[in-house]
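Reader: I would like to learn how to read helix packing and a ligand shell from a model. Please take me through an example.

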Amino acid sequence: MANASLPLSAQDAERLRRFERERHDTLAATYHDFFTPITALAIQPLLDAAGVGAGSNLLDIATGPGSVAARARRLGAACTGVDLSQGMIALARVSHPDIDFRIAEVEHLPFADRSFDVVVCNFGLGHFPWPEAAVAECARTLKVGGRVAFSWWDQPDKQRVQGLFREAVAEVGAALPPDVPAGHSNLRFCDATEFRKLLVGAGLDDVRVDDHRASYTIADVDTLWRGGLGSFAVTASAIVHQDAATQAAIRASLERRAAVYRTPAGLVLPVAFRIGSGQRSDQ
Ligand SMILES: C[S@@+](CC[C@H](N)C(=O)[O-])C[C@H]1O[C@@H](n2cnc3c(N)ncnc32)[C@H](O)[C@@H]1O
């Protein structure tokens, strides 16, 4: 999980897409139970940054269980959601049958140029093999004058839900899962400068990158452990590939690290993310 940012080869990009597809097909239901309420903390700021309102025609990229599209729908927007995982799209369709959800990969969106007033993506960016191409493809589908907005996590020392797991894995020395290309880092856009550079480099105007802070209460370490293993693509895969003794050591480290957040209400974990947005203003 090094903070590398070299472009992946075409072969490695395809390996990452396959990993993401298979992991999210497997995780969909458990992700929805544990992690959707946490990613949902970013929905309103994301929609605000994109300027979504009644009548907006919105595309939600990497929609997962479809919660962003569903919230925008409640605001009166016309929504379409896409994700490369069939399992996620099946879940989104069952949960929100009034929304158009389709299986699609971010770099190959099945929509004409300038189709949408707004394009949003909640916590997808770090999963994409070629983020520059992904942002360019999102901008292609945006009408002139429309806004695109992405959320991504802050650094693991501030975003503690995943941070605790990362530190426990690093302490015990577990390796990355073999099916994730070594050149990929889902930490790249935890850096605000990288995040801004990505949006400016795509030719967007009026680029804004804003910090957001919240917290989320999880009943106990067991809920955290099971929830993380059922939600995180890369980190959980690094853990489940280990033998039982190594998994137990990672869990013990997680428990020790989580103790500082224990309160009578449960583990109150800091949640920190950024929202980056920009406008398409070319003719
Ligand atoms: C962390 S989840 C975010 C889901 C949802 N937006 C939310 O707020 O909970 C990341 C999602 O990105 C999807 N994904 C990963 N790579 C993708 C790609 N190349 N194209 C489209 N979706 C992708 C995964 O299938 C997964 O559903």
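**Reading helix packing**

Author: Helix 9 and helix 11 are oblique to each other, where angles under 35 degrees count as roughly parallel, over 145 as roughly antiparallel, 65 to 115 as roughly perpendicular and the rest as oblique. This is a predicted model, in which local features need pLDDT of at least 70, side-chain atom pairs count only at pLDDT 80 or more, and totals for chains, interfaces and linings use all residues. Residues are numbered from 1 along each chain as its sequence is written.

Reader: At what angle do helix 9 and helix 11 pack?

Author: Two packed helices are described by the angle between their axes and the distance between the axes. Here helix 9 (residues 221–229) packs on helix 11 (residues 244–258) at about 125°, and their axes are 10 Å apart. Axes are lines fitted to C-alpha atoms, for helices over the stretch in contact, and angles run from 0 to 180 degrees between N-to-C directions. Helices (H or I, at least four residues) and strands (E, at least two) are DSSP runs, numbered from the N terminus.

Reader: Which residues of helix 9 and helix 11 meet?

Author: Val 221, Leu 224 and Trp 225 of helix 9 meet Arg 251, Leu 254, Glu 255 and Ala 258 of helix 11; contact requires C-beta atoms, placed from the backbone, within 7 Å. That contact between helix 9 and helix 11 divides into 5 nonpolar, no polar and 2 charged residues. Ala, Val, Leu, Ile, Met, Phe, Trp, Tyr, Cys and Pro count as nonpolar, Asp, Glu, Lys and Arg as charged, and the others, Gly among them, as polar.

Reader: What angle do helix 3 and helix 4 make?

Author: Helix 3 (residues 43–50) and helix 4 pack at about 60°, with axes 10 Å apart. Helix 3 is therefore oblique to helix 4. On the helix 3 side the contact uses Ile 43, Leu 46 and Leu 47, and on the helix 4 side Ser 67, Val 68, Arg 71 and Ala 72. The residues of this contact of helix 3 with helix 4 comprise 5 nonpolar, 1 polar and 1 charged.

Reader: Which residues come nearest the ligand?

Author: Of the 21 residues around the ligand, the nearest are His 24, Thr 39, Ala 62, Gly 64 and Asn 122; a residue is near if its C-beta atom, placed from the backbone, lies within 6 Å. Helix 1 (10–34), helix 2 (36–39) and helix 4 (67–74) each supply at least two residues of the shell. Helix 1 gives the largest share, 3 residues. The shell around the ligand divides into 7 nonpolar, 10 polar and 4 charged residues.

How values were computed:
Two residues are in contact if their C-beta atoms, placed from the backbone, lie within 7 Å.
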